[in-house]
Each structure stands twice: as C-alpha cells, then as structure tokens.
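Please look through the sequence and the model shown here before reading on.

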Amino acid sequence: MFTGLSAFPITPFKQEAIDYKAFKGLVDNLASANVDSICAIGSTGLYPYLTREEKYDVAKLAVDHANGIPVMAGVGALRTYDVLKNVEAVQQAGVNAVLLAPVSYQVLNEEEVYGLYEAVSHKVSVPICVYENPRVTNFTFSDDLYRRIGKLPNIGAIKIPGSPFATFAKNSMDNSASKGISPTSASNSEGARRLASLREIVPAHIAIGVSGDSFGAAGMSEGCDLWLSVIGGIFPRTVMRIIDAAQSGNAVDAQAQSQALSGIWSMFARNGGGLRVVAAAAEILGYCETPSLPAPFLPIDKEEYSELEHIITKLSLS
C-alpha cells in the first residue's frame with residue numbers, strides 16, 4: 001500500500017463533535033479518485049485530539065467506505081500504553097496500516113523512541129509507517145536510529161520531511177524557465193543523496209515517502225515511493241496528476257504543476273501547516289460547515305479564505 005498518493009483527509013467537526021457525514025463525503029471523494037491509500041487519522045485528521053472510541057469510529061467509517069482502498073490510521077499518544085490501546089482499536093476497525101509518530105510533551109531521547117517502536121512492532125499485525133516530523137514532535141531521527149528501527153518486525157514505510165528536496169525543486173523551475181530542459185541530475189542533488197543513504201540504511205522492503213506538500217513533486221521526481229499528502233486529502237486528482245508527471249520522468253512538468261499551487265503553499269507556511277487551510281477548502285467545497293475544526297483552532301482569516309476560493313476556482317482543483 002505504500003506507493004503513489006497516500007491522501008490525508010481532515011476529520012471535520014460540527015459544534016465540537018465529529019461530523020461523520022462530512023467525513024464520509026471526503027472519503028467518498030478519495031475513493032472515487034482511486035487514490036492509492038487513505039490515512040484516515042493522520043496529523044491532518046487530528047489523531048492526537050480524538051478519544052480512542054472516536055479513533056475507532058473514524059477508522060471504521062473510512063474502511064467501510066474506501067471501496068477496497070487501503071486505509072492507514074494515526075495511533076500516536078504520549079504514553080506507550082495508550083499507543084498500544086490505539087493500535088488495538090484501529091486494527092479492530094480493519095485498517096491496513098498504522099502511522100506512528102513519537103508524540104511527546106517532554107522531549108524524548110533515542111532510546112525512548114526506539115523503545116516505543118519496538119513495543120508497537122511486536123504487538124501490531126499490520127505495517128507501521130514511521131513518521132518523522134521534527135517541527136511537531138521536536139525529535140529528529142538519526143541514521144543509526146533508522147537502522148535499528150528498520151530491523152524491527154512490521155516496519156513498512158518511513159515518512160520523511162521534504163526539506164532535502166528543496167534544491168531539486170528550485171533547480172527544476174530555474175532550468176525550466178531559462179533553458180526548457182530537465183533539472184540537474186537527481187544523483188547530484190541533496191534529496192537524491194538522502195534517499196540513497198536511507199535505502200542503504202533500511203531494508204529494501206521499507207518504502208520511503210515524502211511529506212511537506214510543497215516538496216512532494218520534487219520528492220516523487222527524485223524517487224520517493226509515495227507522497228503522504230495533506231492537500232491530497234481534499235484535491236486528490238490534482239496531486240495524482242503531479243505524481244503521474246513525476247513518475248513518468250517529467251520532473252519539470254511536475255514541478256510546474258506544484259509551482260501553480262504556490263499560493264496554497266504560502267498559506268500553509270503562514271498558518272503553521274496545512275490543517276487550517278484544507279479545512280477551509282473542505283468548507284468552500286461544501287463538504288462541511290464553518291467552523292470545521294474543534295476549539296481552540298480558529299478558521300483562517302477572511303482575506304485568505306477569499307484568496308483560497310479564488311485559487312480553487314482559477315485552477316479547477318479537484
């Protein structure tokens with residue numbers, strides 16, 4: 001299941017309760033687009049904010065309406081005990097994989113993070129996607145830690161930050177604008193070197209995925225196995241067209257399509273990530289009501305809301 005587009009829909013709320021009807025609409029859209037997988041409760045899906053029972057309900061609804069598309073669910077929590085209980089709940093809901101980040105309030109050290117993955121890997125019966133997101137967790141995986149985790153059972157994928165692919169993305173656009181040629185050889189880029197080093201560190205069966213949507217096109221062009229995408233949870237066909245170009249060897253076209261979304265990438269940066277922005281997009285498209293996120297989250301401001309409406313209409317995002 002760890003190929004192509006892994007789409008991360010929001011978990012919409014209505015009057016401080018999960019809007020299951022709205023969530024079903026989002027899943028139906030992803031199923032009709034035939035995405036490669038759905039992460040029903042990723043960071044965008046608010047897994048840290050849901051009770052165990054809510055995680056089960058959201059995961060079960062996704063599985064029931066995914067039309068056979070594999071479903072992954074986030075299981076992170078502050079205590080390993082609770083992570084294991086979350087794993088049990090979403091597996092009972094029928095998910096095909098779990099997404100696990102080293103969630104913490106007190107910053108964890110490497111032995112603590114390894115112990116977390118070791119405990120879960122021996123209890124889970126579906127693949128684990130290791131989630132590295134230093135901005136949120138305040139933890140960065142070392143190569144040695146990846147090597148150790150990669151030897152554990154049931155590790156299926158690694159979700160890495162997209163920042164190593166920034167240079168490739170810039171070179172692609174610069175060369176496209178000035179010469180109309182393909183970007184600098186991937187073998188010379190920071191992203192390609194990072195991918196190569198990771199593939200030497202972890203076993204071959206472990207997929208490597210890119211996150212950080214503004215880097216997705218570059219990551220897929222450089223050879224990542226999948227794009228774990230926030231915007232893919234609301235505009236799956238748009239992201240799938242970018243992936244198709246990247247995997248067909250047309251990195252310039254893939255990056256040009258990504259660059260057309262630069263207004264959305266800027267909104268992501270201004271709003272601390274994609275959650276609030278894609279929630280607004282879901283509201284604009286009529287999937288859910290405003291506000292669609294639980295307190296204390298606030299909607300994006302009116303000017304950005306109008307700008308987002310304009311971008312969606314102008315680019316015919318879908």
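What covers the buried residues of α13? The elements that cover these residues include α1 (20-33), α12 (262-270) and α14 (302-315), where contact means heavy atoms within 4.5 Å. This is a predicted model, in which local features need pLDDT of at least 70 and side-chain atom pairs count only at pLDDT 80 or more, while totals for chains, interfaces and linings use all residues. Residues are numbered from 1 along each chain as its sequence is written, and side-chain values use heavy atoms, with hydrogens and water left out.

Helices (H or I, at least four residues) and strands (E, at least two) are DSSP runs, numbered from the N terminus. Helix α13 covers residues 275-284, and because eight of its ten residues are buried, α13 is largely enclosed by the rest of the structure. Here buried means under 20% relative accessible area, exposed means over 50%, and partly exposed lies in between, with a 1.4 Å probe and protein chains only. The buried residues of α13 are Leu275, Val277, Val278, Ala279, Ala280, Ala281, Ala282 and Glu283. Just after α13, Gly286 takes a positive phi of about 90°. The loop between α13 and α14 holds Pro291, and the peptide bond from Thr290 to Pro291 is cis, with omega near 0°. Pro296 is also found in the loop between α13 and α14, and a cis peptide bond with omega of about 15° joins Ala295 and Pro296.

**The barrel**

Eight strands form a closed barrel in the order β1-β4-β5-β6-β7-β8-β9-β10, with parallel pairing. The twist from one strand to the next averages 25°. Two strands pair if DSSP finds at least two bridges between them, and the table lists some of these pairs.

| Strand pair | Sense | Bridges |
|---|---|---|
| β7 and β8 | parallel | four |
| β8 and β9 | parallel | four |
| β9 and β10 | parallel | two |
| β1 and β10 | parallel | four |

Strands of a sheet pair through backbone hydrogen bonds, either parallel or antiparallel. Strand β8 (residues 155-160) has six of its six residues buried, so β8 is largely enclosed by the rest of the structure. On one side of this strand, the bridge partner of Tyr131 is Lys159 in β8, while Ile158 has Ile208 in β9 as its bridge partner.Strand β9 covers residues 207-210 and strand β10 covers residues 226-229. Between them, Gly209 stands opposite Leu226 in β10, and Val210 has Trp227 in β10 as its bridge partner. Ser6, in turn, stands opposite Leu228 in β10.

Strand β9, helix α9 (residues 216-222) and strand β10 make a right-handed β-α-β unit, where right-handed means that, with the strands pointing away from the viewer, the path from the first strand over the helix to the second runs clockwise. Helix α10 (residues 236-247) packs on the sheet and touches β1 (4-7) and β10, and its direction makes about 155° with that of β1. For such angles, axes are lines fitted to C-alpha atoms, for helices over the stretch in contact, and the angles run from 0 to 180 degrees between N-to-C directions.

In helix α11 (residues 251-259), Ala251, Val252, Ala254, Gln255 and Ser258 are buried. These residues cover an arc of only 160° around the axis, which puts them on the same side of α11; the arc is that of the directions from the helix axis to the C-beta atoms.

**The nonpolar core**

A nonpolar core is a set of buried Ala, Val, Leu, Ile, Met, Phe, Trp, Tyr and Cys residues joined through side-chain atoms within 4.5 Å. The largest such core has 114 residues, and Tyr117 and Ile264 touch the most other members. Leaving aside neighbours within four places in sequence, the residues in contact with Tyr117 are Leu100, Ala101, Pro102, Ile128, Val130, Tyr131, Phe141, Ile149 and Leu152.

**An exposed loop**

Gln15 lies in the loop between β2 (13-14) and β3 (17-18), and it has a positive phi of about 55° although it is not a glycine. Gln15 is exposed, with a relative accessible area of 76%. Glu16 is found in the loop between β2 and β3, and its phi is near 65°, a positive value in a residue other than glycine. At 51% relative accessibility, Glu16 counts as exposed.
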